[in-house]
Amino acid sequence: QGRVARAVMKGRTVTNVTGSYANSHPLWRHTAKAPLEATMWMAQTTASGMTPWYHWLGGKPEDHRWEETGRSFFQWIAANAPHFVARESVADLAVVFSQRTNAFYQPPGGGDATDFLQGMYHALLNGRFLFDFVHEDDLGPDTLSRYKGLILANTAVLSDQQCGELREYVNRGGSLLATFESGCYDENGRARTESALAGLFGVKSAGKRAGPNGNAAYARIERDHAILRGFTNTRLLPFAEYYLPLQAISNPVLTVLPPYPAFPPEMVYPTTTHTEQPAIVLGDHGSGRTVLIPGDTDRAYWRSQNPDLSLLLGNAVRWMLKSESPLSVTGEGLAEVFAWKTPVGHAIHILNYTNPDFQRGWFTQSYPLPAQQVSFSTGAKVSKVRLLRANRDVPFTRRNGTIEFTISQVIDYEVATLV
């Protein structure tokens, strides 16, 4: 929500309300939400650049457990107020948010049109990427020039003008990654004969959209490449449930192995062992790069949680970007990272999602992250690094304009400030 709202509001104030009550199903609106759950809602609000609000329904509460949760969080915010004024994101990677795709696109196999974005988002979390959202109606140079790379997570519905803006972005040196049917439909949801971005990626259609046959489609490894980092002892990877067949390209990295029956066991073998259809298309465009994944790999990851798909998506994003992000936060655990320029310096927000209730249920207990190594490239003068939740300064080193330090532990949420 914070990423979407910041993309639309362009620096103006964004507020987000957290209910202090048990807004779940079944619903109990006069009993308190678990303290850690409420705190993490407010932490996500704050980290993503929004202003938190916290509220209770009714003038005569009989459950007072919510009060200390809000009091503690807001007194902490007040004590460190200048560090929470998020003036400008540090991210150099952006994901396009498409309201028209959400409204007009009917994904094959049913389900929610946002599943593609959900899968890409989760893969970016796994890779500890720093990224913003940009709105589909804000693809001009004033906005996109801030980013080295741009991601279309099956942004299927795009106008001719928007596709032109994306081509201009790549021509100016930007890098672009797109999945599945990006650009295959116009702004009214009408299907094109071929993606309006096909020429940008250097591909041509080889047939209609293909779907599963018990098994989903696989990708066969044809040669070594940086996007395959971490894959060993296999020539076959999961690819997609639905995909667009493409004509052959020269020297592909991955090719499509079409789906074949999953049952009965006697029929679980491919009738076609090799095709010329690429499962990923990589291109160099001056100082930028392009990546096309012609399958619903991001949605397939969201549905299956197969780690191979997350690793492949993360590797493709890293290859597209060429160089490291200005901010790196490495260490064990699942975390979301935001970084902002503030009136007094910079603030790096780390949200700890390493929890069995990450995707369903309430956070009731923290499972702390171990030591996290932070590396931040900045031309700004830094005299102090302070952790606001831990309420202490930490030592740092400067090496060729890069600030490096260690956060020994992140319990639920930490903010490292550089001033």
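A residue is taken as exposed when its relative accessible area is over 50% and as buried when that area is under 20%. In this predicted model, Asn-251 has a relative accessible area of 52% and is therefore exposed. Asn-251 is placed in the loop between strands E11 and E12, and its phi is near 55°, a positive value in a residue other than glycine. Asn-391 occupies the loop between strand E19 (385–387) and strand E20 (392–393), with a positive phi near 60°. With a relative accessible area of 53%, Asn-391 is likewise exposed, because the cut-off is 50%.

Pro-26 belongs to the loop between strand E2 (21–22) and strand E3. Phe-263 and Pro-264 are also joined by a cis peptide bond, with omega about -10°; Pro-264 sits in the loop between strand E12 (254–257) and strand E13 (281–285). Positive phi values occur just after helix H7, where Gly-173 has a phi of about 110°, and just after helix H9, where Gln-305 has a phi of about 60°.

Trp-66, Thr-69, Gly-70, Phe-73, Trp-76 and Ile-77 are the residues buried in H3. These residues lie on the same side of H3, because they cover an arc of only 135° around the axis. The spacing follows a general rule: an α-helix has 3.6 residues a turn, so residues three or four places apart point the same way. The cover over the buried residues of H3 includes strand E3 (28–32), helix H2 (35–47), strand E4 (51–55) and strand E23 (413–418). On the face of H3 turned away from the buried side, the exposed residues are Gln-75, Ala-78 and Ala-79.

Helix H7 consists of twelve residues and reaches 16 Å from its first C-alpha to its last, close to the 16 Å expected at 1.5 Å a residue. Its buried residues are Gln-162, Cys-163, Gly-164, Glu-165, Leu-166, Tyr-169 and Val-170. In helix H9 (residues 297–304), Thr-297, Asp-298, Arg-299, Ala-300 and Tyr-301 are buried. The buried residues of H9 pack against helix H5, strand E9 (175–179), strand E11 (236–240), strand E14 (288–293) and helix H10 (307–321).

Three cavities of 30 Å³ or more were counted, and the largest cavity holds about 100 Å³ of space. Strand E6 (93–97), helix H4 (99–104) and H5 each give two or more residues to the lining of this largest cavity. The lining is formed by Val-96, Phe-97, Ser-98, Thr-101, Asn-102, Ala-113, Thr-114, Phe-116, Leu-117, Ala-153, Asn-154 and Thr-155. By class, these residues comprise six nonpolar, six polar and no charged.

Thr-155, one of the residues lining the largest cavity, is located in the loop between strand E8 (149–152) and helix H7 (160–171). The relative accessibility of Thr-155 is 2%, so this residue counts as buried. Apart from neighbours within four places in sequence, Thr-155 makes contact with Val-96, Ser-98, Thr-101, Glu-181, Ser-182 and Gly-183.

The largest pocket has a volume of about 1100 Å³. It is lined by 34 residues, of which Gln-1, Gln-44, Tyr-121, Glu-336 and Tyr-353 are the closest to its centre. At least two lining residues come from each of helix H1 (2–9), strand E1 (15–19), helix H2, helix H5 (115–126) and strand E16 (335–342). The lining of the largest pocket divides into 16 nonpolar, 13 polar and five charged residues.

Technical notes: Residues are numbered from 1 along each chain as its sequence is written. This is a predicted model: local features need pLDDT of at least 70, side-chain atom pairs count only at pLDDT 80 or more; totals for chains, interfaces and linings use all residues. Side-chain values use heavy atoms; hydrogens and water are left out. Buried means under 20% relative accessible area, exposed over 50%, partly exposed in between (1.4 Å probe, protein chains only). Helices (H or I, at least four residues) and strands (E, at least two) are DSSP runs, numbered from the N terminus. The arc is that of the directions from the helix axis to the C-beta atoms. Contact means heavy atoms within 4.5 Å. On a 1 Å grid over the protein atoms alone, a cavity is a set of points where a 1.4 Å probe fits but cannot get out, and a pocket is an open set with protein on both sides within 12 Å along at least five of seven lines; lining residues have an atom within 4 Å of a point. Grid points are joined across faces, edges and corners, and a volume is the space filled by probe spheres set on the points. Ala, Val, Leu, Ile, Met, Phe, Trp, Tyr, Cys and Pro count as nonpolar, Asp, Glu, Lys and Arg as charged, and the others, Gly among them, as polar. The expected span of a helix is 1.5 Å times one less than its number of residues.
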